[in-house]
Amino acid sequence: MTKTLPTTEARLTELAHELPTPFHLYDERGMRENARAFMQAFAWAPGFRNYYAVKAAPTPALLQILAEEGFGADCSSLPELELAQRCGITGENIMFTSNDTPPEEFRRAAELGAVINLDDITHIAALEEALGGTLPELLSFRYNPGPERTGNAIIGNPVEAKYGVTSEQLLDCYRTAQDKGVGRFALHTMVASNELDASFIIETARMLFTLAVRLKEELGIELEFVNLGGGIGIPYRPEQQAMSYQEVSDGIRELYDSIIRPAGLDGLKLSFECGRVMTGPYGVLVSRVRHVTRKYKDYVGLDACMANLMRPAMYGSYHHITVLNKGEDAPRQTVDVTGSLCENNDKFAIDRELPVMQPGDVVVIHDAGAHGHSMGFNYNGKLRSAEYLLRADGRAEMIRRAETMDDLFATLSW
Ligand SMILES: *Cc1c(COP(=O)(O)O)cnc(C)c1O
């Protein structure tokens with residue numbers, strides 16, 4: 001897929017001069033169009049919902065846009081619950097998928113009427129205790145297929161994953177909850193991350209649908225919904241292809257017709273909790289070249305660093321880089337693009353061929369709209385940058401200010 005910019009180079013250059021760099025910029029129109037395409041592809045599915053994984057970009061303006069497009073929120077901590085709630089996402093539009101959960105977070109989730117998704121068989125008792133001896137009327141369990149499923153490249157082998165209940169425990173979980181008076185049930189799994197192969201997601205649906213039938217047959221439970229988790233990837237590299245929502249939808253629909261309907265489970269609702277694919281491609285990190293130098297290699301130093309985007313350093317991830325205002329014929333050079341942290345892995349690109357740069361040039365780092373700003377950290381006293389929303393009419397609206405030194409010092413005792 002060709003890598004496109006959220007607006008014209010001229011407009012981006014203008015913004016990079018008006019606003020202090022580095023900053024994150026999100027494309028409202030792109031985000032809305034993608035959210036609609038996703039919902040549209042699954043229009044056939046009863047009660048279809050995407051609980052946006054808040055951790056991908058926990059910024060109210062973005063959550064509100066996605067809520068307007070019909071999304072709920074997938075939260076895994078108390079602050080994420082509060083964010084969702086303050087953005088008007090309430091009740092069962094919130095899925096609380098936590099692990100190693102403290103009791104007060106269970107209590108708050110229950111208070112908000114969120115769907116509580118238990119990660120562990122021991123959490124039934126923990127939840128019951130946290131809620132003063134009761135359980136919510138609706139309960140979901142996170143299933144980990146272990147050896148029954150090969151993990152995808154990123155999330156790894158399910159056997160090694162700390163999440164979810166095992167195949168052996170799963171029926172016990174539902175039976176126990178049933179015995180304790182829970183009357184409504186859901187089933188969840190999360191076995192993929194940044195997956196570009198539609199068949200992997202379709203197989204996840206097969207796995208959950210098969211379990212739904214088993215739960216009906218063995219325990220008489222008719223699940224209200226299955227949640228396939230997140231994991232739909234994005235083409236970070238120009239040579240990669242985005243996953244087709246239509247292909248995923250068609251594949252799942254076939255399985256719905258062949259597994260769910262014949263079992264008399266028609267009406268079973270379908271949901272996802274995709275984060276990355278919903279905002280990732282619609283956010284860029286705009287940064288300015290500070291220094292260009294040659295050591296044993298050629299280096300381009302930016303004013304952004306791991307505080308703004310951690311993925312390349314943390315996972316060795318590829319993020320496409322566009323240098324603004326360099327024509328097709330601009331001379332090119334192989335460089336490492338670095339940040340200013342005292343960490344040698346603070347590099348946005350290694351041995352990347354890019355147009356020759358000078359101090360002051362503006363670079364756009366693509367696909368930074370998920371796990372970008374949100375993963376940033378303050379190591380080395382680096383401050384996280386501002387976030388702007390590029391509205392459909394071309395205005396850039398600040399949706400989160402940059403951190404200041406006072407923010408950094410706010411927790412200190414002097
Ligand atoms: C991170 C996460 C998601 C979202 O995953 P994406 O790869 O961003 O779609 C969904 N559910 C859970 C439980 C997660 O931890």
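Modeller: We take disulfides, then ring pairs. This is a predicted model, where local features need pLDDT of at least 70, side-chain atom pairs count only at pLDDT 80 or more, and totals for chains, interfaces and linings use all residues. Residues are numbered from 1 along each chain as its sequence is written, and side-chain values use heavy atoms, with hydrogens and water left out.

Biologist: How many disulfides does the structure hold?

Modeller: A disulfide is a covalent bond between the sulfur atoms of two cysteines. The cut-off here is a pair of cysteine sulfur atoms within 2.5 Å. The structure holds 0. Take Cys87: its closest cysteine sulfur, in Cys75, is 9.6 Å away, too far for a bond. Cys342 is in no disulfide either, with the sulfur of Cys305 nearest at 10 Å.

Biologist: Is Cys342 buried or exposed?

Modeller: Buried means under 20% relative accessible area, exposed over 50%, partly exposed in between (1.4 Å probe, protein chains only). Cys342 is exposed, at 62%. Cys87 is buried, at 11%.

Biologist: How many aromatic pairs are there?

Modeller: Rings of Phe, Tyr and Trp (its six-membered ring) pair if their centres lie within 6.5 Å; planes under 30 degrees apart are stacked, over 60 edge-to-face, the rest tilted. The whole structure has 16 such pairs. Phe42 and Phe48 are stacked because their centres are 4.5 Å apart and their planes at 5°. Phe42 is buried at 1%, and Phe48 at 12%.

Biologist: Which residues form a cluster through ring pairs?

Modeller: Phe38, Phe42, Phe48, Tyr245 and Phe272 are linked that way.
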